[in-house]
Number of protein chains: 2
Amino acid sequence: MSQLTAAQDAAASGAAADQGPIDFRTEPEHYRHWRLAIEPPVATLTLDVAEDGGLVPGYELKLNSYDLGVDIELHDAVQRLRFEHPEIRVVVLTSGKDKIFCAGANIKMLAGSAHGWKVNFCKFTNETRNGMEDASSNSGQIYLAALNGTASGGGYELALACEHIMLVDDRSSVVSLPELPLLGVLPGTGGLTRVTDKRRVRRDLADYFATRAEGVGGRKAVQWRLVDEVVPRPVWVETVAGRATELAARSRCAARSAEAGIQLNPLAKKRNAAGGVVGEISYRWVTARLNREASTAEITVRGPDADAPEDVADIHVQGAGFWPLAMTRELDDLILDLRTNEPELGTWVLRTSGSPERVLGYDELLLSNADDWLANEIVHYYKRTLKRLDVTSRSLIALIEPGSCFAGSLLELALAADRSFMLAGIFDDRAAGDGSQPAVPVPAMIVVGTANLGALPMGNGLSRLQSRFCGDSEGLTTAEERAGVPLDAAAAEELGLVTFAPDDIDWEDEVRLATEERASFSPDALTGLEANYRFAGPETMETKIFGRLTAWQNWIFNRPNAAGQDGALRRYGTGQRADFDRKRV
Amino acid sequence: MSQLTAAQDAAASGAAADQGPIDFRTEPEHYRHWRLAIEPPVATLTLDVAEDGGLVPGYELKLNSYDLGVDIELHDAVQRLRFEHPEIRVVVLTSGKDKIFCAGANIKMLAGSAHGWKVNFCKFTNETRNGMEDASSNSGQIYLAALNGTASGGGYELALACEHIMLVDDRSSVVSLPELPLLGVLPGTGGLTRVTDKRRVRRDLADYFATRAEGVGGRKAVQWRLVDEVVPRPVWVETVAGRATELAARSRCAARSAEAGIQLNPLAKKRNAAGGVVGEISYRWVTARLNREASTAEITVRGPDADAPEDVADIHVQGAGFWPLAMTRELDDLILDLRTNEPELGTWVLRTSGSPERVLGYDELLLSNADDWLANEIVHYYKRTLKRLDVTSRSLIALIEPGSCFAGSLLELALAADRSFMLAGIFDDRAAGDGSQPAVPVPAMIVVGTANLGALPMGNGLSRLQSRFCGDSEGLTTAEERAGVPLDAAAAEELGLVTFAPDDIDWEDEVRLATEERASFSPDALTGLEANYRFAGPETMETKIFGRLTAWQNWIFNRPNAAGQDGALRRYGTGQRADFDRKRV
């Protein structure tokens, strides 16, 4: 085990190693690798990676190459721009270094990483790039890649996530995807899919491009549609500025430029998860109980503790304290934390608690004010957080119990789950309160709400209800027609909205068996199963990136030709060529 | 290396081991595992596997489990039914054994197989099942699964490829997908995708089903849409017969029942490929030169040696000798042979020779007689053969040289390739004939024909031209408008129909560099790259099966949790539980 793998394993096990668990919370004042300049309507994000700023020891971040730490900052910046800077309509991505925009993911980091770390790293970076495209599409914050030097590998993929790519024309700067010829792996952040499906590069040229380590620049890069324009260095600065101004004028959100953003205050979080069989991660609205013996994380999302305000202006007043936004930020952070730091907790048990009516009240406020920039941002942020759940390689089991509030936006958690159990009736022995659980003498109800009818699409472009009833339009219509009606377990099961509806007598055994069984299966096979079932029906660029491309990359990462002692990834930079098993599979 | 792996490696290297290379040619008289009964309009295919009839030593085919040899016979039967028995409108799949329909792929065979063998085996079985669906859709030969006993794993997946599934209701017969709970892998022949996307099983029920090793039978199997009906054993025979008659009446090809089929005579083939650096596989119209030093197979398809007959009746008279059919059978067999027996030949170089006009003449005859059952069958067979090429994990490079006939149907070979080179002008030094190549003083021309405009769709539902110009409707229209016009290298390059158009001076170097470079890359990364680029744009059930599901399965097959000494696949049947690394990836 390399030093690097050991350090990541320590991080990934949440053990009290030197660096402890990975923390995804940051803010601009703490950035080491990015500079954020706000000059409305344009923001400039400048990548200037600190070579010695790697997240774990064992590599230097040369040539503006990145590791998870660099991407955590990018992710934070993309999020903050949407909430804190609604006046921004164009985000220019550029480099603070001469001659190089970004060399992609750090090879030494990848070569020394455990398989799971690589895969999880790629997942997060993919989500961040999808988030940039989401900002361009849904916030009118259009991303512009200003490649003032070579963009290779993940560096070019970062540019591909932008809506317009400019490359400096200086006879040396190129774009390239050198992963295959140099490393024996594929581009890990959607490059192959975006080249053909987004930029419409012809597939034979795309093939040639992806085997050409030295890349393509100048006129040919434009001709093949790899970039949108090349610009001579002498007029670079003013041309980029001009293009940014033009794009800003075309942004559909020009109207909101006058409004003030809200502050994303630091997220309060208690993490008591190092060592021991049981741990806990808790926030104001979200709690996870980590049960290492059962290999589960029991996640509870609490509904709002007051009715939704009546006026959209109150959302702005409450800001980061507004329940849907506060809850979403916590859930998002928790997903990232558990995915990265707790890989052995293979099943996440999802619960909610609170008032279904109040949840629906907040949904109503948000969805009926979709033209308010902040309401719009909150809905899209919750949408992205649910998507993060969809691509999480953990089994998801929803437990719908008395006192829960699986209604509207929170019902999505049950619809995202691989299976759901809804108690028919009440817990007899808890009716009077058994000390560990509050006494809830009323059976659980779920409610299909407006939020379930299309406002929170999955990566495949469908609502979770549509995905659930894929090809069964009658079942879908019947369920949608019951929107607004509280449904008990029998009705929910009949409508196909929950998987099983055991009563108090069977509940404990059925739920325990389901989680124990899940813990006994091959974790890899479960990952493959869930990745297939969660995205039935149509495909989009996004599902292709997470489903098709990721799966191939996982396979390749695992093969001796890449990851073995004599594989390309391990031999890169040693001067020795990889020794391949030439059999095609 | 297990005995099994050694035997397969020997087979896969084409070495003169005891069993020699795998041969895909067979005929009903030689079947060991299937019985084919023809009672027009119904054919019955009865699976009755010979336990001692495994293709390689090392396992017994118990419980009607299958290996490649069993599937080669099924593939042959499905093909013959289409050509030799146009009077058949329903094909009933059933079992010759009591209590068991089929237990799926033989576990011991899988557990002992090399990774590449498993993947290639799954690819062929997938193609055969897709071929059954193609027969149901395009030949009006509707497949009916009559499960007279339990269908588990690949056995149930075989049923899923049928259009109607009947299960005997005897309190013990079930359908199941026990791969995940028992073996730690996924169903390998499209099961997960077909359960949700074809049979519309709700995804949470599908999840439960795929983790339940004991399967589902009776009423619940119907309720969840896993089967179409359950039938009590006492009325089984007559109910199946009745359903077959009903389906036959609904077959859109009822009209053709009176016509006589043609005979698929044994394919003449010379295989001189054992040992040595250079080998050759040759047929009447197709030749492959195997260059083990360069890791290439140089495939040449010869065009027709006479003009197409004028009358559709002549197709029937010529039968298996009719050029398009004869050529397709040979190409199909060659693809299977090279894929299975020559895994180290990583690049296939595709050439044609002959008259473009004659090829277009045959295309015209076939496509203008699409209502003739035989013409229809030939076009669909060629379509399936091209699809086999699309999912082949070999780099495909088309060389368009003087004397070639890349027109219409044969142009598809160049469009299927990852890259194409078209010589601008002629070979100066060969103009007068240099002995090794015929003297061709006329530059090559390609012709877009009617066959390129939709008659030969890829698995994604698009023509290869549409896939090539994915998202570029202007490029597509411009190319399609030139249909029928011979295009020289400059015009073809300008239209985006070929990748590169070097002249005589550069040709040799460019082509050599491309193939040498390809041979130097990671074979795994190339497989992943090509699987992504060849299917740009939309997805179908078929591309999901080959792209998404296969990739996940490949990854899982490669993981220690499945394939390691302590993995589930290796430990199955030993009484020991698998020892899993519990980290989720």
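1. The term here asks for a side-chain nitrogen of Lys or Arg within 4 Å of a carboxyl oxygen of Asp or Glu. Between chain B and chain A the count is 18 salt bridges.

2. Some housekeeping: this is a predicted model, in which local features need pLDDT of at least 70 and side-chain atom pairs count only at pLDDT 80 or more, while totals for chains, interfaces and linings use all residues. Residues are numbered from 1 along each chain as its sequence is written, chains are lettered from A and ligands numbered from 1 in the order in which they are written, and side-chain values use heavy atoms, leaving out hydrogens and water.

3. On confidence, the predictor assigns the complex an ipTM of 0.93 and a pTM of 0.94. Chain A has an average pLDDT of 93, with 94% of the residues scoring at least 70; pLDDT is the predictor's confidence in each residue, from 0 to 100. Do look at residues 13-17 of chain A, where the pLDDT is below 50 and the model shows eight contacts beyond near neighbours in sequence.

4. Now the interface as a whole: 89 residues of chain B are in contact (heavy atoms within 4.5 Å) with 89 residues of chain A. The two chains bury about 8600 Å² between them, 54% of it on carbon and sulfur atoms; this is the accessible area (1.4 Å probe) lost on putting the two parts together, summed over both. Of the area that chain B buries against chain A, 13% comes from Arg203(B), Tyr533(B) and Arg584(B), more than from any other three residues.

5. Polar contacts link 65 residue pairs across the interface, both residues at pLDDT 80 or more. Such a contact is a pair of N or O atoms within 3.5 Å; within protein, one must be able to donate a hydrogen and the other to accept it, and residues adjacent in sequence count only if both atoms are side-chain atoms.

6. Just after H7(B), Arg200(B) has a positive phi of about 60 degrees.

Notes: Helices (H or I, at least four residues) and strands (E, at least two) are DSSP runs, numbered from the N terminus.
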